[in-house]
Amino acid sequence: MNNFREINDDILREWLSYREETELGYLTQEDKKHNINFDEIVENVLKNVPKQNKKYVKKQLDILDKNFMDYICYWNEKYYRNGFCDGVQIIVGCIL
């Protein structure tokens with residue numbers, strides 16, 4: 001039996017990916033207020049870095065962006081996965 005609380009390549013991950021590509025891809029006005037525009041931040045940081053350091057700083061900012069996105073994706077998946085499992089347990093508890 002698959003433990004759906006563990007983050008694996010499974011049907012729940014496929015469903016979360018589908019939701020991300022469709023429904024979660026639409027931002028409301030409120031969502032847009034809280035959007036992190038990383039490209040704009042990078043641009044502003046690089047404007048204030050000496051020319052000889054720009055390549056290094058850009059590389060570090062790219063690593064930061066990748067790590068941040070990995071972190072957010074992991075916690076979002078864990079949050080939704082556990083919420084789904086909790087919901088299923090509540091339903092099963094009401095039925096039995």
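Biologist: What order do the elements of the protein chain run in, from the N terminus on?

Modeller: They run α-α-α-α, with helices being DSSP runs of H or I, at least four residues, and strands runs of E, at least two, numbered from the N terminus. This is a predicted model, where local features need pLDDT of at least 70 and side-chain atom pairs pLDDT 80 or more, while totals for chains, interfaces and linings use all residues. Residues are numbered from 1 along each chain as its sequence is written, and side-chain values use heavy atoms, leaving out hydrogens and water.

Biologist: Why is Ile36 called exposed?

Modeller: Exposed means over 50% relative accessible area, buried under 20%, partly exposed in between, with a 1.4 Å probe and protein chains only. Ile36 has 52% relative accessibility, so it counts as exposed. Ile36 sits in the loop between α2 (29-33) and α3.

Biologist: And which residues of helix α3 are buried?

Modeller: In α3 (residues 38-47), those are Phe38, Val42 and Leu46.

Biologist: How do you know that they line one face of the helix?

Modeller: Looking down the axis of α3, they fall within an arc of 70°, so they line one face; the arc uses the directions from the helix axis to the C-beta atoms. In general, an α-helix has 3.6 residues a turn, so residues three or four places apart point the same way.
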